[in-house]
Amino acid sequence: MGVHMRAGMASAAGCTQYSRAPPPVVSVCISSTRSPLLDRAVHTLSVGECFRHNTTQRARPVACRALEGYMEEKLKSTEFTFLELQMRMADPEVAGDSREFQRVAKAASDIEDLVNSYRKHLALSAQLAESQAYLKEVQGDVEMAEFTREEIGEITGELTTLEIKLKLMLLPRDPLDERDIMLEIRGGAGGDEAAIWAGDLYRMYCRYAAKQGWQVILLSCTSAEAGGYKEVIAQVVGDSVYSKLKWEAGVHRVQRVPATEAAGRVHTSTATVCIMPEVDEVDVQILPNDVDVKFARASGAGGQNVNKVETAVDLMHKPTGIRVFCQEQRTQAQNKERAFAILRAKLYEIELQKQQAEIYAKRKNQVGTGDRSEKIKTYNYKDSRVSDHRLKMNFDLDKTVEGELDDPIMAMVAADQQAQLMELAESLMS
């Protein structure tokens, strides 16, 4: 990329040139800087790769320059915002208002890592310029010239990595990334084996959740006679759950010899995984007249109460035909609360699908459609591999089913970031 941003940024002492009026807290739209996904993504994306496939050879330098100019202006603006926020924190009026102080402090904390990375970039750029000037002076000294060239190479490599990180940090952040999710898995084509496969996928995500320190709460399930689930819905609670599991939405196909197959033939079965961000009543409003609520006696665990009291809740949303049945909790009130939470998530996901379809339709370098009906992965037990059809990459089957999903998820994150960078560059060119 070769961007050497000017080191002449305004320092804290130079802020007097700006207005002294207390500025509002500016919400800077950047990617999460606290997630380990960011640092890992830096090693996946290479400089200029976002322009390699869908940009002509002549257009690439133009796209790079457009993106570099955007980055420089955005970084300058962010540092200015950070300095203003620090000034506000030192204001006695703000310091005396605990709620306002916390709000300003959080806004400053959210962009602090970005600002520090930018300042480091400026310092390295200045160091690189000094080393390049010094190299011209010591051309007659072979040993010193070689040492300086090595130093220039190290600085250039560090700048390259830092520039990629800054690019990713400036990408718009998905506002849903921090949310918990509703995980729904349904057996698809394949009869009994599809239900067994749905159960295997549920256990795979439970193992992944355990590795992440998340909590999985079973909300509703319909067990199959041969094992597994016809349908299972669970709530996954933890840190940035949606940011990682949203890439798992779609159809998961398995090719293996089922336990129910006596002749040893390989069967192909499917299960659909739906990842729904958890939403509040404020996000989705459900009119009482739109929902038909029925109660029934639950089956399974729960003691005598479930046999005597109608604790199970059966919801039917009339406008969409969505039906939710919840019986896992011990009381009717708990099941009703869970059922409405599932219904809100389903309704929200319908609208989210419409928005994502519009976004992906505009992308030229599309990484999947985000559609829940899209076949995204094939699990081939004979060859012990998992093929991700969006990435055209293979992963180890045994590790995957044991819940080691970091590599495929990280690959999807990097591919999506690459698509966003190219989309941003092309929009700046237009």
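Predicted model: local features only at pLDDT ≥ 70, side-chain atom pairs only at ≥ 80, totals over all residues.

User: How do you know that the span of helix 6 is close to the expected one?

Analyst: Helix 6 has 21 residues.

User: What makes Tyr202 and Tyr229 an aromatic pair, and why is the pair called edge-to-face?

Analyst: Ring centres must lie within 6.5 Å, and planes over 60 degrees apart count as edge-to-face. Tyr202 and Tyr229 are 5.7 Å apart centre to centre, with 85° between the planes, and they form one of the 3 aromatic pairs in the structure. This pair links distant parts of the chain: Tyr202 belongs to helix 6 and Tyr229 to strand 3, 27 residues apart.

User: Why are Tyr202 and Tyr229 called buried?

Analyst: Buried means under 20% relative accessible area. Tyr202 has 10%, so it is buried. Tyr229 has 17% and therefore also counts as buried.

User: Why is the pair of Tyr208 and Trp214 called edge-to-face?

Analyst: The planes of these two rings stand at 85° and their centres are 5.5 Å apart, so the pair of Tyr208 and Trp214 is edge-to-face. Both Tyr208 and Trp214 are buried.

User: How do you know that the charged end of Arg256 sits over the ring of Tyr381?

Analyst: The distance limit is 6 Å from the ring centre, and the charge must also lie within 35 degrees of the ring normal. The charged end of Arg256 is 5.1 Å from the centre of the Tyr381 ring and is assigned as sitting over it.

User: What makes strand 6 and strand 8 edge strands in their sheet?

Analyst: The open sheet has 3 strands in the order 6-7-8, with antiparallel pairing. Strand 6 and strand 8 each have a single partner strand, so one side of each is left without a neighbour in the sheet. The twist averages 15° from one strand to the next.

User: How do you know that strand 7 and strand 8 pair?

Analyst: Pairing requires at least two bridges. Strand 7 and strand 8 have 5 bridges, in the antiparallel sense. Val313 has Cys326, in strand 8, as its bridge partner.

Technical notes
Residues numbered from 1 in each chain as written. Heavy atoms only, no water. Phe/Tyr/Trp six-rings, centres within 6.5 Å; stacked < 30°, edge-to-face > 60°. Helix = DSSP H or I, 4+ residues; strand = E, 2+ residues; numbered from the N terminus. Buried < 20%, exposed > 50% of the residue type's maximum accessible area, 1.4 Å probe, protein only. Expected span 1.5 Å × (residues − 1). Axes fitted to C-alpha atoms, helices over the stretch in contact; angles between N-to-C directions.
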